[in-house]
Amino acid sequence: MRMKYFDELSRAMEMLAKDERTYFIGQAVACAGTAMTNTVKNVPREKLLELPVAEEMQMGMSIGLALVGHIPVSFYPRWNFLLLAVNQLVNHLDKMSIISNGGFRPKVIIRTGIGSERPLHPQFQHIGDYTEAFRLMCPNIEIIRLEEPEDIFPAYQKALGREDGKSTIVVEYGDYYNEK
Amino acid sequence: MSGKDKKVWTPKELIEFENQIAELFNSAKIKAPVHLYYGNEEKIIEVFREVQDDDWVMCSWRSHYQCLLKGVSPEKLREEIIAGRSIYLCFPEQRIISSAIVGGIIPIALGVAMGIKRSGGKNRVHCFIGDMTSETGIAHECIKYATNHKLPIRFIIEDNEKSVCTDTREAWGQEKLTYEDGKHPLVVYYKYQTKYPHAGAGVRVQF
C-alpha cells in the first residue's frame with residue numbers, strides 16, 4: 001500500500017530523532033499549533049525545543065547549534081514566515097563556508113511549507129512558494145520540494161547524512177497532508 | 001597559538017599592529033575594507049582576562065584585536081586582512097566567528113551558547129557588539145533569551161557613540177543606551193573614542 005504524505009513526514013521525523021545530534025526547534029514543535037506539530041508527536045520531548053516567535057533569532061540559533069556539532073531541524077511552517085529569517089539564511093548560513101575559508105560548515109535542516117488552500121484559503125500572506133527565488137539567493141543551500149510521499153524520507157535522509165557542508169531546506173505542501 | 005604559547009599583548013603592541021594595517025591600506029595594498037580599532041586597548045585586554053582558550057569569540061566587522069588576543073598569530077591575521085577578509089574574520093582553530101552584518105552574529109552566538117549548555121560544556125561565548133547594534137531588536141531578543149535561559153554567554157558592548165557616522169543616541173532620541181548602566185548580568189559595557197573612521201584609515205586611497 002502506498003504511504004501517505006503525512007505518514008511519511010512522521011516517519012522521516014522519527015528517523016531524524018534517532019540521531020543523537022538532532023534537535024527540533026521552532027514555534028509549535030512541543031506545543032500544538034500547526035499541521036507540522038502532529039508529525040513530531042512521536043519524537044521524544046527532550047528533542048523538542050519550543051521557541052518564542054523570533055524567526056531571525058531561531059535561524060541564527062540553528063546555525064550556532066550546528067557550529068558546535070548539533071543538527072537542528074528548524075521549523076518554519078510557511079515560506080512567508082521564513083522570510084523573517086532571511087538575513088540569517090542568506091547572509092550567514094549560505095555564506096558561512098565562504099567567509100571562513102571552508103572552516104565552518106554548519107549543517108542545518110530547515111523545514112518549511114507552502115500553505116494549504118483547501119478547504120480554507122488562508123489568503124495571500126500565507127501561501128507563498130519562494131522556492132525558486134531562494135534557489136537563486138542561496139547557491140550553497142539545497143532546496144528540495146516534496147512533490148510525492150515517496151520523496152519525503154529520502155530527502156530527509158540526504159539532509160541528515162550529507163557530508164558536502166551544505167544545509168537543506170525541505171519544502172512541503174500543506175494541501176498534500178489530506179490529498180496524497 | 002594557545003595556552004602557554006599564547007602571546008600576551010600590550011596596548012602599545014595592539015596599536016602598532018593596527019598602525020601597520022593602516023599603512024598597508026593607505027598604500028593600496030589591501031583591496032577591501034578594513035575596520036580598525038583604537039582607544040579601547042586597555043579595556044579589551046581586561047575583557048580578555050576572562051576568555052579561556054576553548055571559549056568562543058563572536059565579533060562584527062571590527063575584530064583585529066579580538067583575533068590577536070584570542071591567539072591568532074599576527075602574521076596569519078595580517079595575511080587574512082591583506083586577502084580582503086578583515087570584514088568577517090573567522091578562525092576555527094581559535095573559535096572566532098565574525099559577521100559583517102549589523103547584529104548578524106548575535107543569534108549565532110546564542111545558538112553556540114545553547115549548544116554548549118545542552119552538551120554539558122563548561123566553556124562560554126563572548127559576543128562583541130557596538131552601541132548601535134546593542135539597540136537593535138535582535139540584540140534585545142537574544143540578550144533576553146540568554147538571560148532567561150541562563151546560557152553561558154556574555155555580550156560586550158563597545159560604545160564609540162556612533163554607527164558609521166550616525167550618532168546612536170541622537171538617532172534613537174535617547175540620552176542613554178539601554179545597557180550602558182552596566183547593571184545587566186550578561187553585559188559588559190565600555191565606552192571609547194577612536195581616531196579611525198568607520199572604514200579605512202582616514203586617508204583617501206587611489207587604487
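A: Let's begin with the term we need: helices (H or I, at least four residues) and strands (E, at least two) are DSSP runs, numbered from the N terminus. On that basis chain A has eight helices and six strands. Do keep in mind that this is a predicted model, where local features need pLDDT of at least 70, side-chain atom pairs count only at pLDDT 80 or more, and totals for chains, interfaces and linings use all residues. Residues are numbered from 1 along each chain as its sequence is written, chains are lettered from A and ligands numbered from 1 in the order in which they are written, and side-chain values use heavy atoms, with hydrogens and water left out.

Q: In what order do the elements of chain A run from the N terminus on?

A: They go α-β-β-α-β-α-α-α-β-α-β-α-β-α.

Q: How do I read the radius of gyration of chain A against the globule rule?

A: The radius is taken over C-alpha atoms, and the rule is 2.2 Å times the number of residues to the power 0.38. For the 180 residues of chain A the rule gives 16 Å and the radius is 15 Å, so the chain is as compact as a globular protein of that length. Its C-alpha trace spans about 50 × 35 × 30 Å along the principal axes.

Q: What share of the residues of chain A count as buried?

A: Buried means under 20% relative accessible area, exposed over 50%, and partly exposed in between (1.4 Å probe, protein chains only). In chain A, 55% of the 180 residues count as buried.

Q: Is helix 4 of chain A enclosed or open?

A: Six of the eight residues of this helix (residues 86-93) are buried, so it is largely enclosed by the rest of the structure. Among them are N87(A), L89(A) and H92(A).

Q: Which residues of the largest nonpolar core touch the most other members?

A: The general idea is that in soluble globular proteins, nonpolar side chains tend to be buried together. A nonpolar core is a set of buried Ala, Val, Leu, Ile, Met, Phe, Trp, Tyr and Cys residues joined through side-chain atoms within 4.5 Å. Here the largest has 91 residues, and F24(A), L89(A), Y156(A), M58(B) and I153(B) touch the most other members. Helix 5 (residues 105-119) of chain B gives the largest share, nine residues.

Q: And where is P154(A)?

A: P154(A) sits in helix 7 (residues 149-161) of chain A. With 41% relative accessibility, P154(A) counts as partly exposed. The C-alpha atoms of P154(A) and A12(A) are separated by 8.4 Å, though these residues are 142 residues apart along the chain.
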